[in-house]
Amino acid sequence: MKRPSRHLARLRAVQALYQWDLTAQDPLQIESRFIGRNDMGAADGEYFHRLVHDVPLYQREIDDHLKAFLDRPVEAVDPVEKAILRVGAYELEYQRGIPFKVIIDEAVELAKIFGAEHGYRFVNGVLDRLAAQLRAGESGAPESE
């Protein structure tokens, strides 16, 4: 039996969180409508649920982490890239069982799918520096500047 895909959960969560950021709708409503209107396929539904609920719940903390590594206010970041950065920052902070390299690789892939032409570079740079701060003790973690 094939394991549910966290990659697909992240992909769908980025779409749902993009909608949340633009509409300020309740995450429960977005999740319900999103699942009803989109093929979740092999996505890890439990992980999708966690991301769609926890990223808004911890938004202030997540955005505070991101601020230090952005060249503009969080609000000025492209909404798609902001959703990707928030998912990545959430995972770096609150999902310690996932290696930081996996988190950054996933975020870069999502930025290549949804972001601007070179948005993946921006996402990679921000999350790499954030990983140096939040995951400094993890084996192979980037060194903070």
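# Reading a helical chain, step by step

The accessible surface of the protein chain comes to about 7800 Å², and 48% of that surface belongs to carbon and sulfur atoms. The model is a predicted one.

Q: What does the secondary structure of the protein chain come to, and what pattern does the chain follow along the sequence?

A: The secondary structure amounts to seven helices and zero strands, and when the chain is read along its sequence the pattern is α-α-α-α-α-α-α.

Q: How many of the residues of the protein chain, as a percentage, count as buried?

A: The protein chain has 145 residues, of which 48% count as buried. As for how the chain meets itself, residues 24 or more positions apart account for 71% of the contacts that have a separation of 6 or more.

Q: How are two packed helices described?

A: Two packed helices are described by two values, namely the angle between their axes and the distance between the axes. In this structure, helix α6, which covers residues 100-114, packs with helix α7, residues 119-134, at an angle of about 160°, and their axes are 8 Å apart. Angles over 145 degrees count as roughly antiparallel, and therefore α6 is roughly antiparallel to α7. The crossing of these two helices, α6 and α7, is right-handed.

Q: Which residues in α6 and α7 meet?

A: From α6 come Phe100, Ile104, Ala107, Val108, Ala111 and Lys112, and they meet Gly119, Tyr120, Val123, Asn124, Leu127, Asp128 and Ala131 in α7. Sorted by class, the residues of the contact of α6 with α7 divide into nine nonpolar, two polar and two charged.

Q: At what angle do the axes of α1 and α5 cross, and which residues meet there?

A: The axes of α1 and α5 come within 9 Å and cross at roughly 120°, so α1 and α5 are oblique to each other. Their crossing, that of α1 and α5, is right-handed. On the α1 side the residues are Arg10, Val14, Leu17, Tyr18, Trp20, Asp21 and Leu22, and these meet Pro79, Val80, Lys82, Ala83, Ile84, Arg86, Val87 and Glu91 in α5. The residues of this contact of α1 with α5 divide into 10 nonpolar, no polar and five charged.

Q: How do α3 and α4 pack?

A: Helix α4 covers residues 59-67, and α3 and α4 pack at an angle of about 75°, with their axes 5 Å apart. Angles of 65 to 115 degrees count as roughly perpendicular, and therefore α3 and α4 are roughly perpendicular to each other. Here Val55, Pro56 and Leu57 in α3 meet Gln59, Glu61 and Ile62 in α4. By class, the contact of α3 with α4 has four nonpolar residues, one polar and one charged.

Q: Is arginine 10 buried or exposed, and which residues is arginine 10 in contact with?

A: A residue counts as buried when its relative accessible area is under 20%. Arginine 10, which is found in helix α1, residues 6-23, has a relative accessible area of 3%, and so arginine 10 is buried. Leaving aside neighbours within four places in sequence, arginine 10 is in contact with Tyr47, Leu51, Val87, Glu91, Ile98, Glu106 and Leu110.

Q: Is leucine 92 buried or exposed, and what does leucine 92 touch?

A: The place of leucine 92 is in helix α5, residues 79-94, and with a relative accessible area of 0% leucine 92 is buried. Not counting residues up to four places away in sequence, leucine 92 touches Phe100, Ile103, Leu127, Leu130, Ala131, Leu134 and Arg135. The C-alpha atoms of leucine 92 and isoleucine 104, which are 12 residues apart along the chain, are separated by 8.8 Å.

Q: Is glutamate 46 buried or exposed?

A: Exposed means a relative accessible area over 50%. Glutamate 46, found in helix α3, residues 45-57, has a relative accessible area of 60%, so glutamate 46 is exposed. The C-alpha atoms of glutamate 46 and alanine 9 are separated by 8.4 Å, although these residues are 37 residues apart along the chain.

Q: What phi does alanine 24 have, and where is the place of alanine 24?

A: Alanine 24 has a positive phi of about 60°, although it is not a glycine. The place of alanine 24 is in the loop between α1 and α2, the latter helix being residues 27-37. With 65% relative accessibility, alanine 24 counts as exposed.

Conventions
Residues numbered from 1 in each chain as written. Predicted model: local features only at pLDDT ≥ 70, side-chain atom pairs only at ≥ 80, totals over all residues. Heavy atoms only, no water. Axes fitted to C-alpha atoms, helices over the stretch in contact; angles between N-to-C directions. Helix = DSSP H or I, 4+ residues; strand = E, 2+ residues; numbered from the N terminus. Parallel < 35°, antiparallel > 145°, perpendicular 65-115°, else oblique. Left-handed = near helix turned anticlockwise from the far one by under 90°. Contact = heavy atoms within 4.5 Å. Nonpolar A, V, L, I, M, F, W, Y, C, P; charged D, E, K, R; others polar. Buried < 20%, exposed > 50% of the residue type's maximum accessible area, 1.4 Å probe, protein only. Areas by Shrake-Rupley, 256 points an atom, 1.4 Å probe, with all protein chains shown as cover.
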